[in-house]
Amino acid sequence: MKKQTLSKNYLERIPMRAEHLDFLKEDSGLVTLLLENKGLFNRIAQRFFKKPKVSQIHLDEMGSFLWQLIDGETDLLKMGECVREKFGETAEPLYERLAKYFQILDSYGFIRWKE
């Protein structure tokens, strides 16, 4: 299987947190994203199936670290350098993991990209 290479253009992208998403930072440094469940289907699920009004997404140590780096000014390349400095070899393969993480955040609408 051929190894996929990331383009420098992708790593120069700058993520920004979605405005509709709140988060909590615990004393341990871990982050929990708070996603309000809106809309008709969610209201029905809340009433009849006891689903929560706010979903909590608990990030792991590296995800929490990255979330806190999202400031609308820092690109993925710089974030990767910060991750390497903090986590060392445990972060490898660094930029592939970083790209996948931000693709997931983007697919859920948790981030948007600075133009």
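1. Helices (H or I, at least four residues) and strands (E, at least two) are DSSP runs, numbered from the N terminus. Serine 64 lies in one such run, helix H3. Before reading on, note that this is a predicted model: local features need pLDDT of at least 70, side-chain atom pairs count only at pLDDT 80 or more, and totals for chains, interfaces and linings use all residues. Residues are numbered from 1 along each chain as its sequence is written, and side-chain values use heavy atoms, with hydrogens and water left out.

2. Stay with serine 64. Its relative accessible area is 0%, so serine 64 is buried (buried means under 20% relative accessible area, exposed over 50%, partly exposed in between, with a 1.4 Å probe and protein chains only). The side chain of serine 64 reaches the backbone oxygen of leucine 59 at 3.3 Å.

3. Next, helix H4. It has twelve residues, 76-87, and at 1.5 Å a residue they should span 16 Å (the expected span is 1.5 Å times one less than the number of residues). The end C-alpha atoms are 16 Å apart, which agrees.

4. Which residues of H4 are buried? They are Leu76, Met79, Gly80, Val83 and Phe87. They cover an arc of only 100° around the axis, so they sit on the same side of H4. The arc is that of the directions from the helix axis to the C-beta atoms.

5. Look at both ends of H4. At the start, a side-chain oxygen of aspartate 75 comes to within 3.3 Å of the backbone nitrogen of leucine 77. Just after H4, glycine 88 has a positive phi of about 60°.

6. How many salt bridges does the structure hold? There are four (a side-chain nitrogen of Lys or Arg within 4 Å of a carboxyl oxygen of Asp or Glu). One of them joins glutamate 73 and lysine 114, at 3.2 Å from N to O. This pair links distant parts of the chain, 41 residues apart. Glutamate 73 is in the loop between helix H3 (61-69) and H4, and lysine 114 is in the segment after strand E5 (111-113). Glutamate 73 counts as exposed because its relative accessibility is 56%. Lysine 114, at 36%, is partly exposed.

7. Lysine 78 and glutamate 81 meet at 3.9 Å, N to O. They are three residues apart in the helix, so about one helical turn separates them. Lysine 78 is partly exposed at 42%, and so is glutamate 81 at 41%.

8. Arginine 84 forms a salt bridge with glutamate 92, with the closest N and O atoms 3.2 Å apart. Arginine 84 is partly exposed at 37%. Glutamate 92 is partly exposed at 32%.

9. Now the surface. Leu40, Ile44, Phe48 and Phe49 form a nonpolar patch with about 470 Å² of accessible area together. Patches are made of residues with over 30% relative accessible area and no salt bridge: like charges are joined within 9 Å, nonpolar side chains (Val, Leu, Ile, Met, Phe, Trp, Tyr) within 5 Å. The areas come from the Shrake-Rupley method with a 1.4 Å probe; for residues, only the protein chains shown count as cover. Phenylalanine 49 lies in helix H2 (residues 40-49) and is exposed at 60%.

Key
A polar contact is a pair of N or O atoms within 3.5 Å; within protein, one must be able to donate a hydrogen and the other to accept it, and residues adjacent in sequence count only if both atoms are side-chain atoms.
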